[in-house]
Amino acid sequence: MTEPTVYELSSPGRVGIEYAHLDVPPSELPDAFMREELPLPELSELDVVRHFTHLSQLNYSIDGGFYPLGSCTMKYNPRINEVTARMPGFLKVHPLQPIETVQGSLVVMYLLQETLKEITGFSAITLQPAAGAHGELVGSLIMRAYHRSRGDMKRTKVLVPDSAHGTNPATSSMAGFTPVNVPSDARGNVDIEKLRELCDDTLAGLMLTNPNTLGLFDEHVLEVIDIVHQAGGLVYGDGANLNALLGVTRPGDLGFDIMHINLHKTFSTPHGGGGPGSGPVAVAAHLADFLPDPVVGILEEATDELPPLYGFVHPPQSIGRIKSFHGHFGIIVRALTYIMMQGPEGLRAVAEHAVLNANYLMELLKQDYTLPYDRDCMHEFVLEGVWPDAEGVHALDVAKRLMDYGMHPPTNYFPLIVNEALMIEPTETESKQTLDVFVDAMKKIAKEAHEQPELLHEAPHNTPIGRLDEVKAAKDLVLCCWRPEE
Ligand SMILES: *Cc1c(COP(=O)(O)O)cnc(C)c1O
């Protein structure tokens, strides 16, 4: 990869395409559209297939191996989801077609709306948001619209616990609020006393990631919600971690007012590498009128002869449209397929196994790593990747060394409240054998950290490239690595 001569495959005159026979008279393109110099690589079809296949093999994927990236829920994506998403009736429709011609697609959206409402315990929902963080922005805008509609203009403060996902303070400030940090207590819950002190008549709401980024369910969640409601605020639930709760508890029943759901995490659609995702936002009854416009609904009830007519309804105090057309429809089809394949018992089993797998790993790994919040976890947990007697070894070294053992590293340096954090989420789809291989590797690494720290410092040893300058990679993004030879 680093040698441009190896990478350069182009050979003058080689062609990889064949044009179809012309069935219309040929015509010349206008000169203005013609370019003399168009330095594209010249390759055969096979060259191109091999090139992209090799590139794809350099990527680590859930189809290739264990992927315990905390907070990302990298579960297996069942192939049946791809089959339904590619059915021509779903694939080849246009969002601007008359509704009478796309009833099947509207039924899918309606069914997913109803199913997600049932799963989460909320009254109304939008499928428009493109991903989780987009859903948070939508939820924050709904929060703002709600207070404004009551003439309650001084509510500008949104409380965000320090165990929240990093997108929470970002999205609340994008919606015009001032995020204010709430510390966690020694057990990883929201600090109730600090919360009380911060609740006043400028409070717009609280954004609670539950389970939080420590993988812990807040033990006082009902009290937290009550305190915020007493102060006139709304409670936003970051539901990206819903995998731990499916079929066990419903955030709507706990008293949350708004919550987003990450279809691409909990409901198993491929993610990583930037999308596409889908982040539906569910709300309690008193916020239904503020949802983005439009929402799928029943326009005409079924009669003896006809099925119902599905179409679009318009929430009266809507915050407006927040996504072109109707969201990421392909992801919506995949998520509904997944839910229907699981059924209610299957969904509950997802949560139970995700939690069981995480606790299994946690119990075995806390023998070798510091576990700062030592209590039963939900779907993930956070270790420290550092030891007082292994000088110079950091979480990053552990993560890089794990790549040598053929596994994707856990999430690093997040959450910020844990020193040298390693955030591990195995998901329910991994077998005990795979979990044991991971434990074995992590234990070996802990031993190496003490006995051969240089092995960790220099890792990874057997990947195509070693350590990247991640800051430079983000700040100086190079999206096109191929240039024609001069
Ligand atoms: C992943 C995640 C988000 C953000 O979701 P995206 O789809 O990546 O925008 C927000 N909160 C939590 C807790 C998450 O795990």
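The structure is a predicted model, in which local features need pLDDT of at least 70 and side-chain atom pairs count only at pLDDT 80 or more, while totals for chains, interfaces and linings use all residues. Residues are numbered from 1 along each chain as its sequence is written, and side-chain values use heavy atoms, with hydrogens and water left out.

Helices (H or I, at least four residues) and strands (E, at least two) are DSSP runs, numbered from the N terminus. Two strands are said to pair if DSSP finds at least two bridges between them. An open sheet with mixed pairing is built from 7 strands in the order E1-E7-E6-E5-E4-E2-E3. Because strand E1 (124-126) and strand E3 (178-182) each have a single partner strand, they stand at the edges, and one side of each is left without a neighbour in the sheet. From one strand to the next, the twist averages 25°. Within this sheet, strand E6 (residues 258-261) and strand E7 (residues 281-283) pair in the antiparallel sense over 3 bridges. Ile 258 has Val 283 in E7 as its bridge partner.

Two helices lie across strands of this sheet. For their directions, axes are lines fitted to C-alpha atoms, for helices over the stretch in contact, and angles run from 0 to 180 degrees between N-to-C directions. Helix H5 lies across E1, E6 and E7 and runs at about 125° to E1. Helix H6 (residues 132-149) lies across strand E2 (157-161), strand E4 (203-209), strand E5 (234-239), E6 and E7, at about 170° to E5. Gln 103 belongs to H5 (residues 103-120). This residue counts as buried because its relative accessibility is 18%, buried meaning under 20% relative accessible area (1.4 Å probe, protein chains only). With neighbours within four places in sequence left aside, Gln 103 is in contact (heavy atoms within 4.5 Å) with Pro 308, Leu 309 and Tyr 310.

Around the ligand there are 14 residues, of which Ser 71, Ala 133, Asp 238, His 264 and Lys 265 come nearest; a residue is near a molecule if one of its heavy atoms lies within 4 Å of it. For His 264, a polar side-chain atom lies 2.7 Å from an oxygen atom of the ligand. Lys 265 is placed in helix H11 (residues 263-266) and is buried, with a relative accessible area of 10%. Beyond its neighbours within four places in sequence, Lys 265 is in contact with Ser 71, Cys 72, Thr 73, Lys 75, Ala 240 and His 271. An unreviewed UniProt entry lists Lys 265 for "modified residue: N6-(pyridoxal phosphate)lysine"; UniProt annotations may be inferred rather than shown by experiment.

An open sheet of 3 strands, with antiparallel pairing, has the order E10-E12-E11. Strand E10 (381-384) and strand E11 (411-412) are the edge strands, each pairing on one side only. E11 pairs with strand E12 (residues 421-424) in the antiparallel sense over 2 bridges, and Asn 412 stands opposite Leu 422 in E12. Helix H12 (residues 329-365) packs on the sheet and touches E10 and E12, its direction making about 20° with that of E10. The unreviewed UniProt entry places "domain: Glycine dehydrogenase C-terminal" at residues 351-451. Over residues 351-451 the chain is 45% helix and 10% strand, with the end C-alpha atoms 38 Å apart.

Terms used
Buried < 20%, exposed > 50% of the residue type's maximum accessible area, 1.4 Å probe, protein only. Polar contact = N/O pair within 3.5 Å; in protein donor to acceptor, adjacent residues only side chain to side chain.
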